[in-house]
Each structure stands twice: as structure tokens, then as C-alpha cells.
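Hello,

Here is the structure we talked about handing over. Please look at it first; my notes follow below.

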Amino acid sequence: MRTVRLAAPDDFEGWREAARALALVGAAPSEVLWEVAGAETDLFGAPAPAPPAPAGLFSVPRAFVALAEQVICHRDPERFALLYAMLVKLRERPDALDDKADPLVHRLEGMARAVRRDIHKMHAFLRFREVETEEGPRFVAWFEPDHHVLRAAAPFFVQRFATMHWSILTPELSVHWDGETLAEGPGASRADAPDGDPVEAVWKTYYASIFNPARVKVGAMLREMPKKYWKNMPETALVPALLKGAQARESAMAAASAVKVGDNVGKSWDAVRAEAMHCTRCDLYKCATQTVFGEGPLDARIVFVGEQPGDQEDLAGKPFVGPAGQLFDRALADAGVPRERTYVTNAVKHFKFERRGKRRIHEKPNGGEIAACRWWIQQELALIRPPLVVALGATAARSLFGKVVTISALRGKGHKLPDGGEAWVTVHPSFLLRVRDDREAEYERFVEDLRRIGRRAKDLA
Ligand code: URA
């Protein structure tokens, strides 16, 4: 058995040198024991020098070096041996890393992913607090990474806070920047880091001002910012209150945009449509082919509002002409509501998608995009003044009501809108294309909604 003792848990250079020497003498992975100096298994004190490297040619794919640099930071004690086993494999088969079905490749890639994520968390969720020292102010942060990532994460802070003096303390290592040099020190405990100070107030104000209620996605927030990190972050103390207020703030944003629509009163539908063709109110115009504005008679008694144009609508410049539109046409015909007597539009006027190869895959618009586009739908409604407006699906309903609503709670009856009109809510036709169970029954329910909407429009005539 050959024992290699590395200087630190993330000692990539030490591992590389030793692994290279071992591979050149043909050492089998099972013959090598890897240890870290100072770790519990280290019975010998000082790190042993790496085995002398015999001369010889040695090269591995660049991708392996990048992978190994990350895996070495993982907390798994087997990481050194696993990397060495991979190295030996690569010497026999230089393309071995491409075999994604190989359990070793799979395991190493999973470890690298975990390390990258840990580094990202440190960059995103570490918070400095100011302390007065004899040399002046120093910013100190406490963080508990899952892996040995402090050295890998530190250059980011050097770049970002180059002119400040700061320290990052973790349980196993600390790093200290004085504006010129990054020094290392021993691990620390939470009690060594200051807790609460004037810097927090600044952070909290900043965070509250950038918090956009229309972008709140609680699930995503928790995934990205696990509660474990919250205790180090002053602004997270604000989150429950901000979330509570988010709904009210989104409604306020909706009300504010409704008032602004008044500025455009007097403009004809043609003029508004022409303006919308050059809309840059959010970023969606950058990738879409064109604005897809609403269409139909301006004296329509029913306005249908969908989510956003799809792939085919984006190319044609007309709403509801693709698969969902065809199903919508069939349902309207079955319900006895002639589409040509209605006005059909969307809550968002540009196609939002993700490109996958040659395909453009629909992506749901977010609250900010819906809010930005409310400018246009409000003007369409102000110009047409229909007695009935129908939200097809959740995005349209969110746009009309200015807040997130549940379709099942509102479906099947009319709801008064602030301008005196009446809103109805039903499912989006694309829901019927996706649904697996009882598709026929769902379709019938949709047609029945449209029948009732048609009857109600007549009643209001
Ligand atoms: N889906 C929508 O919401 N609108 C369209 O125009 C097409 C598909």
C-alpha cells in the first residue's frame, strides 16, 4: 500500500503531482491510500512528500483537469481515490469521460455540481458586517459551506471588494484581505463574527427597494436560498413582511398602470396598435418576431384574453391561429359563439420562448412582463369597452385582476371589474391539449363555460 498525504482538503496541486507520479509507475487505484494532513486519519504529523515523479509523457483531457479541480473541494473522503481511478481509466481510454453511463463519471460529475452550487451559494448569500479595528474598518463574514470551497470562492470577493479590508470565517479556514494580499488563518466559530451592525440597515434598505413583488416565486426563492443561509443575511428578516405585502403592491402597480392609460385616451385603435408594434416595455421584444396585437370588431361584446402568442402566432402576427387557436375555434363553434363577433387578444403581446435546437419552446411570462404589457390590454379594453371580458387561463386572469388568482375559485360566474365591466374566467385552450385524464369531459366543461358567456353577453346587451 502506498500512502499519499496531502497538505489540505482541497490540495489540488498536491493531488495532481502525486497522481501523476503514481500513474507513471503504474500504481493501481486499490494500492493507494489518500490522506489529508491534520485530518483525523493523519497519524504521522507533517505531510509526506509526494512520490518522486519519474520522467515520462503524460497528458489528460483539459475537461478532466477542470472536473478534478472542482471535485477535490467536495467533502466526500473518497474524492482523491475516485479521481485517481478516473485518471487511470483515462490513460487507457482518453474518451472515458464522455461515457455518461459510467457510474464513476456520473458520481464525479455529481460531486462537481455540488461544489459549483456551494461556491455559488457562498458568492450569493455571504454577508459582511462592519467592525472597527485599529487599522480602520474591516468587514467580517461568517459562512458554513457544505464543502471545502473557501479558497475556490475567495477570488470572487477579492475582485468584487478589492479596496476593502475583509475577512471570511468558516469552521475550517479563514481568509483575510488587506487590499493587496489574501492571507489564510485557522477556522473560526460563529461567535467570532460580529452580529448585527449599521451595515445591516443599509442592506435592508437596499434589499427592500429592489424587491419586486411581481417577481416573487416562493418555491424558487427557497430552492435558491435555502433557509440554512438565512440566519447570516440581515435582509431575510424582511422577507416574510415583504411577501405579505407583495400581493398588495402588485395590485397597486396594476392600479397605477391603469391610471396612466388615461394619458393615451383619444387615440384610435389603429394608433395604439401601431405604437404597440414598437413596444420595448419589457425585454420580450428582443427575441420575438413581432408584436401580436389583438384583433376583431371594435364593437365586440366579448373580449377574450389569452396568455401570449405561441410559435405560430409569433410568425403570423395574429392571435390564436396555432393548435390552441384551432381548438378554441372548435369550442366556440360548439358553443354557438361566432369568433368573428368577438375580439381576441393576449395578456402579453410578444412570444416568450426558450430555444432548444431548432424548436422554440413556450415559456410562461413572469409577473413583471404581465405588468408591463397591461399597458396595452388596458388600452384595448378602454377603446372597446366590452360588457364582458373573458380570461383564458391564469396569466390572463392575473393581468385582468392585477393579482394572482385561482381559476377554479373564479370559474363559472361573472366578477365586477373596477371600470364597470364584467370578467369571466375559464381555462386556457392549451390546458385542454395537455390534459391526460378525461379530456372529453374537460372540453365539454370549457364549451359549457363559453355557452354561458355567450348567453350572459346577450343578457347584458
Ligand atoms: N396561446 C395564447 O394564449 N395566445 C395565443 O395567441 C396563442 C396561444
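In which sense do strand β8 and β9 pair, and over how many bridges? β8 (residues 302-306) and β9 run parallel, and their pairing spans four bridges. Val305 sits opposite Thr345 in β9. Strands here are DSSP runs of E with at least two residues, numbered from the N terminus. Two of them pair if DSSP finds at least two bridges between them.

First, the ground rules. This is a predicted model, where local features need pLDDT of at least 70, side-chain atom pairs count only at pLDDT 80 or more, and totals for chains, interfaces and linings use all residues. Residues are numbered from 1 along each chain as its sequence is written, and side-chain values use heavy atoms, with hydrogens and water left out.

Now the sheet. It is open, has five strands and mixed pairing, and its order is β9-β8-β12-β14-β13. β9 (343-346) and β13 (415-416) are the edges; each has a single partner strand, so one side of each lacks a neighbour in the sheet.

Next, the ligand. Around it are Gly306, Glu307, Gln308, Pro309, Gly310, Glu313, Pro319, Phe320, Asn346 and His428 (near means a heavy atom within 4 Å). Polar contacts are N or O pairs within 3.5 Å:

- A polar backbone atom of Glu307 is 2.7 Å from a ligand oxygen.
- A backbone N or O atom of Gln308 is 2.9 Å from a ligand nitrogen.
- A side-chain N or O atom of Asn346 is 2.7 Å from a ligand nitrogen.

The protein covers 92% of the 230 Å² of accessible area that the ligand has on its own (Shrake-Rupley, 1.4 Å probe).

Best wishes

Note on methods. Polar contact = N/O pair within 3.5 Å; in protein donor to acceptor, adjacent residues only side chain to side chain.
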